[in-house]
Amino acid sequence: MQQVVSQSLCGSYSYLEVKEGKNNTFTCTGLTAQQTAFWLYESTLVSTCTVSGCQQNVHHTRFSSNRPEATYSNFIVYAGAFSDLDYLATTNLSCQTSDSKATCQVDVIYPAENPKCQIEFSGDTWEVTGLCSVSKVRSRRDRYGCYLYQTSQGSSSAFIGSFTMSTTPVAGTNYSSGDCKIKTALPPEGKYVYSVIIIPGEVQVLFNGSNQISRPSQSPLHNCPQNITEDDNIDCLCYSENLGAPSGSLIWKGTNSSRLKIYNVNRTYSGTRNMCYLMWNNSVVQNSIYTVTVNYASRVLSFQIDGKSEDTVNVRENTNVSVVCQAEGKPLPTIRLLKKSSNNQDLEISVAYSALQLQHTMTTVQCEATASYSCKSENGISEDEKNLRLIVSCFPKKINNDSYVTTFVDEEASLMIKMIAFPSPNLLSIFHNGSANDSISRKVEHDDTVRSTCLSDTSYSSMITCTEKETKEAYRLEKLYDELQREDINTPSTYQTLGEQQTSSDSADHEGYYIS
């Protein structure tokens with residue numbers, strides 16, 4: 001039953017719908033007992049109704065009227081008795097009193113049949129979207145549409161908007177099928193229930209359940225590595241267990257994907273901040289920061305002894321020698337200064353942990369410091385080293401009191417002398433020192449009777465072994481006074497007594513010799 005309210009035009013939809021195949025009653029309300037209700041079809045007075053009853057002014061088998069109560073009156077259209085209703089298609093009906101009149105247009109309809117509706121919150125367009133379809137419908141005035149209503153939690157229903165229905169004729173009939181595409185702005189956070197009124201027929205469709213709109217409450221996570229080796233690739237995902245409703249999306253800044261892919265990462269990328277955004281309703285509502293550390297191989301950049309990086313570095317004895325080794329790498333490397341021992345072992349001289357530079361000073365270096373030195377860096381990714389040879393120039397000196405060995409083979413005497421010197425002695429001579437009882441030394445050189453060679457140790461070039469050979473007759477002596485002579489840049493001729501060696505002999509009258 002549709003009501004015609006005296007002070008308005010036919011309610012919300014402005015039409016009185018005459019449904020095919022049934023009797024339709026329209027009610028005029030807001031009357032008083034003193035008022036007379038006049039029903040007009042088009043401009044023709046059809047009936048007059050007082051509180052006592054209604055009188056038909058025009059005899060018409062398709063209409064009738066009554067007034068059951070003083071406050072309202074009914075007008076009945078007998079659409080079920082007649083198949084041809086075209087005469088009503090574009091007419092209007094009025095309820096009039098002495099001081100007011102309500103007029104409504106009439107539409108002959110077949111109400112929407114088999115209505116089906118679905119609605120959802122779209123995370124793609126961030127709109128409320130839906131689709132309503134009917135299999136059979138008809139309106140003589142081509143009134144086709146869907147009216148969407150929204151009810152939020154704790155609030156009354158609110159009209160959201162109307163949406164035009166597109167229709168398609170049903171073959172062999174005067175009817176059509178139709179559907180409405182619904183699209184409207186997403187409401188604020190909350191729970192909502194939706195309904196649709198389909199015109200013609202004012203068929204209401206309710207959606208079961210509630211639709212929740214909520215923004216994400218947690219920051220996204222990622223499975224990206226915190227450390228990566230230079231030239232490796234980054235391939236990781238940003239993810240979240242709470243994307244909100246409707247679901248938001250995750251993207252890395254500068255991309256359109258939740259997957260971050262970076263190839264052949266360079267060390268300069270270390271410390272770069274990558275932002276993962278959680279997008280919801282076309283805005284960033286949560287984010288996560290990923291900072292990568294790019295590790296790279298350790299490498300010795302510079303190795304200097306006494307400020308020099310040549311393969312061989314020469315210094316003078318008793319001077320202070322600085323050693324500086326610089327390296328690179330991440331994690332920071334351990335830098336070691338190593339010295340090669342006489343048995344080819346690496347001896348650790350100094351170490352710097354998690355450092356880019358090692359500094360070491362060798363004070364008052366001696367000949368024994370002559371050796372191969374290496375700077376070695378390592379950081380768990382790789383190792384690297386550079387090598388330099390240090391040579392300490394020094395005067396000849398004996399190693400210990402057992403530095404001399406004399407042997408006799410047939411008519412030849414051999415004297416082997418071990419000493420420390422650099423460079424190796426290049427001039428070796430024996431001088432006559434007179435008899436053991438002489439008060440004045442007589443140094444007479446016997447070059448014609450001496451053959452000598454001096455060899456340095458392969459690992460320690462300052463370790464010298466000199467061997468002298470001469471006739472057995474020349475070696476008849478009580479004592480040998482040994483003296484070595486070497487050529488030096490600053491001191492052209494320097495003598496240093498190395499010591500004496502006691503030997504045995506058959507003769508009581510012996511002569512002495514100098515080795516220079």
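Strands, labelled E, are DSSP runs of at least two residues, numbered from the N terminus. In the predicted model described here, the protein contains 42 strands and zero helices. Of its 516 residues, 43% count as buried. The protein exposes about 27100 Å², and carbon and sulfur atoms supply 45% of that area. Among contacts with a separation of 6 or more, 61% are accounted for by residues 24 or more positions apart.

The bond between Ile 199 and Pro 200 is cis, with omega at about 5°. Pro 200 belongs to the loop that runs between strand E16 (190–199) and strand E17 (203–206). A cis peptide bond is also found between Lys 330 and Pro 331, with omega at about 5°. In this case the proline, Pro 331, sits in the loop between strand E28 (321–330) and strand E29 (334–340).

Positive phi values occur at two residues described here. Asn 344, which is not a glycine, has a phi of about 65°. The residue is placed in the loop between E29 and strand E30 (346–352). With a relative accessible area of 51%, Asn 344 is exposed, because the cut-off for that class is over 50%. Thr 364, likewise not a glycine, has a positive phi of about 40°. Thr 364 lies in the loop that connects strand E31 (357–362) and strand E32 (371–378). Its relative accessible area is 43%, and Thr 364 is therefore classed as partly exposed.

An open sheet is formed by four strands in the order E20-E26-E28-E31, with mixed pairing. Strand E20 (227–229) and E31 stand at the edges; each has a single partner strand, so one side of each has no neighbour in the sheet. From one strand to the next, the twist averages 30°. In general, the strands of a sheet pair through backbone hydrogen bonds, in either a parallel or an antiparallel sense. The pairing of E28 with E31 is antiparallel and extends over six bridges. Within this sheet, Val 321 stands opposite Met 362 in E31.

Ser 298 is part of strand E26 (residues 293–305). Its relative accessible area is 3%, so Ser 298 is buried. A polar atom of the Ser 298 side chain lies 3.4 Å from the backbone oxygen of Glu 328. Apart from neighbours within four places in sequence, Ser 298 is in contact with Glu 328, Gly 329 and Pro 333, and also with Ser 377, Glu 378, Asn 379, Ser 382, Glu 383 and Asp 384.

The structure holds 12 salt bridges. One of them joins the side chains of Arg 143 and Glu 17, with an N to O distance of 3.2 Å. This pair links distant parts of the chain, 126 residues apart: Arg 143 is in the loop between strand E12 (127–139) and strand E13 (145–152), and Glu 17 is in strand E2 (residues 15–19). Both partners count as buried, Arg 143 with a relative accessible area of 10% and Glu 17 at 1%.

A salt bridge also forms between Glu 230 and Arg 267, where the closest N and O atoms are 3.0 Å apart. Glu 230 lies in the loop between E20 and strand E21 (234–239), and Arg 267 in the loop between strand E23 (259–262) and strand E24 (273–280), so the bridge ties together parts that are 37 residues apart in sequence. Glu 230 counts as buried at 17% relative accessibility, whereas Arg 267 counts as partly exposed at 29%.

Glu 328, whose backbone oxygen approaches Ser 298 to 3.4 Å, forms a salt bridge with Arg 299, the closest N and O atoms being 3.0 Å apart. Because Glu 328 lies in strand E28 and Arg 299 in strand E26, the pair ties together parts 29 residues apart in sequence. Glu 328 is buried at 15% relative accessibility, while Arg 299 is partly exposed at 43%. Salt bridges that share partners join Glu 230, Arg 267, Arg 299 and Glu 328 into one network.

Technical notes
Residues numbered from 1 in each chain as written. Predicted model: local features only at pLDDT ≥ 70, side-chain atom pairs only at ≥ 80, totals over all residues. Heavy atoms only, no water. Buried < 20%, exposed > 50% of the residue type's maximum accessible area, 1.4 Å probe, protein only. Contact = heavy atoms within 4.5 Å. Areas by Shrake-Rupley, 256 points an atom, 1.4 Å probe, with all protein chains shown as cover. Pairing = 2+ DSSP bridges. Axes fitted to C-alpha atoms, helices over the stretch in contact; angles between N-to-C directions. Polar contact = N/O pair within 3.5 Å; in protein donor to acceptor, adjacent residues only side chain to side chain. Salt bridge = Lys/Arg side-chain N within 4 Å of Asp/Glu carboxyl O.
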